[in-house]
Amino acid sequence: NFTRNQQSKKIIFGYMGSKGHQKDLEKIAPSIKAILQHFPQTHFQTFGTIMMPDELKSFGDRISSHKVISNYRKFLGYLYNLDWKFGLAPLENTEFNRCKTPVKYLEYTACNIPTLASNVVVYNQFHDNQEIMLVEDDQWYNKIQYALYQPQLRAELLKNAQKRCKQEFSLNSQINQIETILDRKSTRLNSSHLVISYAVFCLKK
């Protein structure tokens, strides 16, 4: 079982992703910068091949970047141990992005991290302020600020997200989905379902 690091009064939040999402993170960097300026106990981290935005680098030891881990089980364990109070999932509302699956949300959830995400079709399939906190483009500062001091809300978001994922992305549900796909002789498979199933499996090992 993974053990979490205990933080003092730090409030750590972050973004996990690849460099292909650099524009998504850069878009909300001004809001993150303002949060760090106004709330000195906050710390921001990135995890993956994503680069820390230049405008955040002046915050010294209050920002940090964690390199990607190729082993998926170790990756999940590392993300879990970062002990983020919440994870960010900004996403531009483009035709290409609308075809994506909510894997980031699923991995955050598997690692006990509630999610603040762009209000786009990838994420608004989950219930706002119940399973996720949806954010409009001009709301990132306000929503992050609100989430900082709402531990009960964060706990509720995570509890409901995990319940939803357990119901829809459990191994048994995936077996049923695969059987249905095979019965229909279809080659389409929801990859996000398989990712969360494997994530939950890894965390239980």
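Residues are numbered from 1 along each chain as its sequence is written, and side-chain values use heavy atoms, with hydrogens and water left out. Because the model is predicted, local features need pLDDT of at least 70 and side-chain atom pairs pLDDT 80 or more, while totals for chains, interfaces and linings use all residues.

User: How far apart are the end C-alpha atoms of helix H5?
Analyst: Helices are DSSP runs of H or I with at least four residues, and strands are E runs of at least two, numbered from the N terminus. H5 covers residues 151-169, and its 19 residues should span 27 Å at 1.5 Å a residue; the expected span is 1.5 Å times one less than the number of residues. The end C-alpha atoms agree with this, lying apart by 26 Å.

User: Within what arc do the buried residues of H5 fall?
Analyst: Buried means under 20% relative accessible area, exposed over 50%, and partly exposed in between (1.4 Å probe, protein chains only). The buried residues of H5 include Leu-153, Leu-157, Ala-161 and Phe-169. Seen down the helix axis, the buried residues line one face, because the arc, taken from the directions from the axis to the C-beta atoms, is 135°.

User: Which exposed residues does the face of H5 turned away from its buried side carry?
Analyst: An α-helix has 3.6 residues a turn, so residues three or four places apart point the same way. The face of H5 turned away from its buried side carries Pro-151, Gln-152, Lys-163, Lys-166 and Gln-167.

User: What is the relative accessibility of Asn-129?
Analyst: Asn-129 is found in the loop between E5 and strand E6 (133-135). Its phi is near 60°, a positive value in a residue other than glycine. Asn-129 counts as partly exposed, at 42%.
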